[in-house]
Amino acid sequence: MWDKILGQDDAIQSIKPAFEAGTQASSYLFIGMEGLGKIDMARAMAASLMGADKACGECQNCKHLKRESQPDFVII
């Protein structure tokens, strides 16, 4: 799922390693114009925390996140 986030290489390079190592912060705030990939980033982060495959994009959990039908992931 990380590879689906376009144009945000700097943000991914600073956030993804923390999620892979299990050292992520307790919260993140994304601000910016619509269409920059904020929700895609949140989905990838959630998939990294929820799935055994670490945001593979193909498992059932990742598919639920993409469809916004994962009950533990709410977009506010």
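Which residues in H2 meet which residues in H3? The contact pairs Arg43, Ala46, Ala47 and Met50 in H2 with Asn61, Cys62, Leu65 and Lys66 in H3, where contact means heavy atoms within 4.5 Å. Helices here (H or I, at least four residues) are DSSP runs numbered from the N terminus.

The model is a predicted one, so local features need pLDDT of at least 70 and side-chain atom pairs count only at pLDDT 80 or more, while totals for chains, interfaces and linings use all residues. Residues are numbered from 1 along each chain as its sequence is written, and side-chain values use heavy atoms, with hydrogens and water left out.

Along H2, the buried residues are Met41, Arg43, Ala44, Met45, Ala46, Ala47 and Ser48, with buried meaning under 20% relative accessible area, exposed over 50%, and partly exposed in between (1.4 Å probe, protein chains only). Their cover includes helix H1 (9-21) and helix H3 (60-67).

Two packed helices are described by the angle between their axes and the distance between the axes. Axes are lines fitted to C-alpha atoms, for helices over the stretch in contact, and angles run from 0 to 180 degrees between N-to-C directions. For H2 and H3, the axes come within 10 Å and cross at roughly 150 degrees. The two helices are therefore roughly antiparallel to each other; the cut-offs are under 35 degrees for roughly parallel, over 145 for roughly antiparallel, 65 to 115 for roughly perpendicular, and oblique for the rest. H2 passes H3 in a right-handed crossing. On the H1 side, H1 and H2 pack at an angle of about 15 degrees, with their axes 10 Å apart. That makes H1 roughly parallel to H2. The contact is made by Ala11, Ile12, Ile15 and Phe19 of H1 and by Met41, Met45, Ser48 and Leu49 of H2.

Next comes the core. A nonpolar core is a set of buried Ala, Val, Leu, Ile, Met, Phe, Trp, Tyr and Cys residues joined through side-chain atoms within 4.5 Å. The largest one has 16 residues, and those with the most contacts inside it are Met1, Trp2, Ile5, Met41, Met45, Ala47 and Leu65. H1, H2 and H3 each supply at least two residues of this core, and the largest share, five residues, comes from H2. Leaving aside residues up to four places away in sequence, Met41 touches Trp2, Ile5, Ala11, Ile12 and Phe30. Ile12, found in helix H1, is buried at a relative accessible area of 12%. With sequence neighbours up to four places away again not counted, Ile12 touches Trp2, Ile5, Pro17 and Met41. As for Asp72, its C-alpha atom lies 22 Å from that of Ile12, and the two residues are 60 apart in sequence.

Cys56 is found in the loop between H2 and H3 and is partly exposed, with a relative accessible area of 32%. The C-alpha atoms of Cys56 and Met1 are separated by 6.1 Å, although the residues are 55 apart along the chain. Not counting residues up to four places away in sequence, Cys56 touches Met1 and Cys62. Leu6 sits in the segment before H1 and counts as exposed at 69% relative accessibility. In the segment after H3 lies Glu68, which is exposed, with a relative accessible area of 51%. Most residues other than glycine have a negative phi. Glu68, though not a glycine, has a positive phi of about 60 degrees.

Terms used:
A crossing is left-handed if the near helix is turned anticlockwise from the far one by less than a right angle, and right-handed if clockwise.
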